[in-house]
Amino acid sequence: MRAALITGITGQDGSLLAEFLLEQGYEVHGLVRRVALERPDLRMARLESIRERLVLHPGSLESYASVFSVFAKFHFDECYHLAAQSFVAESFADGFSTMNANVNGTHHVLAALKELQPACRFYFAGTSEMFGQVHQSPQNECTPFHPRSPYGISKVAGYYLTVNYREAYGMYCCNGILFNHEGPRRGFEFVTRKISTGVARIKLGLANEIRLGNLDARRDWGSAAEYVRAMHLMLRQEAPDDYVIATGETHTVREFCEVAFSELNLDYRDYVRVDQLLYRPAEVDLLVGDASKARKRFGWEARTTFKDLVTGMVHFDLALLSNKAEMRSMSVAL
Ligand code: NAP
Ligand code: GDD
């Protein structure tokens with residue numbers, strides 16, 4: 001039986017990956033930070049259905065000793081390093097803690113692995129935000145980086161730490177360069193979930209508007225459940241490498257609104273208010289990825305269409321807010 005450690009297991013991707021690896025017969029461990037006034041029912045909500053099958057280790061990414069002690073006690077075949085301060089807007093508000101968690105956190109995990117388990121395969125959660133102000137479209141593994149936020153900069157540092165451990169120590173280290181991926185487990189602060197839950201609230205008479213920032217930004221949005229499978233495939237190849245994971249389609253935030261509102265027979269222009277305060281100091285205007293390397297190497301392709309992704313999230317949130325029983329099965333399906 002293979003054993004995997006997932007940092008960031010309580011997040012959208014971590015929880016989906018944990019379910020997927022359990023299905024594949026893995027023993028799944030997670031590194032979780034301890035917080036005061038913890039409400040496990042809320043904080044572990046995404047792990048509810050698998051909580052009993054996981055081995056969870058309290059630990060702090062910000063402390064090398066803490067990370068080291070987990071690797072000293074347990075053996076892992078694969079380590080998926082997903083934990084990060086992942087909200088771009090927050091990284092402008094507090095760039096320092098974003099850097100600390102994302103750069104030092106990654107360095108601590110890599111350094112502890114090198115010391116104790118150099119044969120463990122390592123996945124780093126890289127991102128299309130590293131391309132930032134894009135130099136070419138679509139973006140692929142050769143596109144230069146030009147990050148536009150402290151978050152993007154922290155991920156470029158993580159990317160190069162990962163490359164460096166691969167080159168310097170011969171470790172099996174991969175960068176997944178994942179474009180935006182969404183679903184019913186997405187955090188409420190990200191624009192897709194803000195829209196899907198906002199539309200559902202409006203439909204149910206619980207709200208009468210959604211305040212958004214830049215409606216013209218374009219993103220390549222895919223389904224998170226499909227993207228975590230690509231992480232696993234990367235670590236199962238003969239040699240380590242870096243891969244773009246994307247759908248190859250781009251849509252504006254405005255289009256996301258149009259599809260989401262019209263699914264419930266509403267017109268977004270009646271409800272969406274643009275708030276300048278929600279604009280970012282520097283924006284990433286356009287992202288669209290070319291995942292042909294992943295397709296050629298291990299047959300990964302995005303399958304969920306943009307429309308199905310948007311409408312699935314809207315119906316999930318409508319059911320969630322209406323407290324309908326089918327919510328759980330929808331969560332699995334998406
Ligand atoms: P998410 O839902 O925000 O989850 C982030 C996870 O990181 C949570 O488990 C969180 O734990 C943990 N975490 C945050 N700060 C931490 C810290 N200081 N110490 C320990 N744990 C910490 O993010 P996601 O969407 O699943 O994304 C997973 C990874 O992929 C992230 O690294 C993100 O930057 C990257 N990524 C995401 C996308 C996307 O579109 N979703 C695209 C490209 C790359 P708590 O529960 O304790 O907060
Ligand atoms: N969050 C948010 N809230 N974004 C808004 C809003 C709003 O009210 N209004 C407009 N937007 C725009 C943002 O300016 C951005 O251009 C776009 O919607 C997407 O924002 P987010 O959903 O917050 O995601 P992101 O693209 O910045 O970052 C996500 O994807 C990255 C991969 O490209 C995160 O998951 C990152 O962790 C990930 O690396």
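Predicted model: local features only at pLDDT ≥ 70, side-chain atom pairs only at ≥ 80, totals over all residues.
**Entry 1: the shell around ligand 1**

I started with the elements that line ligand 1. H1, strand S5 (121-127) and helix H6 (150-169) each give at least two residues to the shell around this ligand. Which element supplies the largest share of the shell? It's S5, with three residues.

Next I looked up the residues themselves. Ligand 1 has 26 residues around it, and the closest are Thr 10, Leu 82, Ser 86, Tyr 151 and Lys 155. Sorted by type, the shell has 10 nonpolar, 10 polar and six charged residues.

Then I went through some polar contacts, each to an oxygen atom of ligand 1. Thr 10 uses a polar side-chain atom, at 2.5 Å. Leu 82 uses a backbone N or O atom, at 2.7 Å. Gln 12 also uses a backbone N or O atom, at 3.0 Å. How much of ligand 1 does the protein cover? I got 87% of the 900 Å² of accessible area that the ligand has on its own.

**Entry 2: helix H1**

H1 covers residues 12-23, which makes 12 residues. From first C-alpha to last, H1 reaches 17 Å, close to the 16 Å expected at 1.5 Å a residue.

Is H1 enclosed or open? Because 11 of its 12 residues are buried, H1 is largely enclosed by the rest of the structure. I noted the cut-off here: buried means under 20% relative accessible area. The buried residues include Gln 12, Asp 13 and Glu 19, along with Leu 16, Leu 17 and Phe 20.

What covers these buried residues? Among the elements I found are strand S1 (3-7), strand S2 (27-32), strand S4 (78-81), strand S7 (181-182) and helix H8 (224-235). After H1 comes Gly 25, and its phi is positive, near 90 degrees.

A reminder to myself about helices: an α-helix has 3.6 residues a turn, so residues three or four places apart point the same way.

**Entry 3: ligand 2**

On to the other ligand. Ligand 2 has 24 residues around it, and Ser 86, Thr 127, Ser 128, Tyr 151 and Arg 280 come nearest. The shell around ligand 2 splits into 10 nonpolar, six polar and eight charged residues.

An N or O atom in the side chain of Arg 280 is 2.6 Å from an oxygen atom of ligand 2. For Arg 186, an N or O atom in the side chain is 2.9 Å from an oxygen atom of the ligand. Gly 213 uses its backbone instead, with an N or O atom 2.8 Å from a nitrogen atom of ligand 2.

The protein covers 95% of the 720 Å² of accessible area that ligand 2 has on its own. Which elements give two or more residues to this shell? They are helix H7 (191-203) and strand S8 (210-212).

**Entry 4: Leu 61**

Last, I checked a single residue. Leu 61 sits in the loop between strand S3 (55-58) and helix H3 (64-73). Is Leu 61 buried or exposed? Its relative accessibility is 11%, so Leu 61 counts as buried.

Leaving out neighbours within four places in sequence, Leu 61 touches several residues, including Leu 31, Val 67, His 81, Ala 101 and Val 109. I also looked up Pro 150, which is 89 residues from Leu 61 along the chain; their C-alpha atoms are separated by 18 Å.

Key: Residues numbered from 1 in each chain as written. Chains lettered and ligands numbered in written order. Heavy atoms only, no water. Helix = DSSP H or I, 4+ residues; strand = E, 2+ residues; numbered from the N terminus. Buried < 20%, exposed > 50% of the residue type's maximum accessible area, 1.4 Å probe, protein only. Contact = heavy atoms within 4.5 Å. Near = heavy atom within 4 Å. Polar contact = N/O pair within 3.5 Å; in protein donor to acceptor, adjacent residues only side chain to side chain. Areas by Shrake-Rupley, 256 points an atom, 1.4 Å probe, with all protein chains shown as cover. Nonpolar A, V, L, I, M, F, W, Y, C, P; charged D, E, K, R; others polar. Expected span 1.5 Å × (residues − 1).
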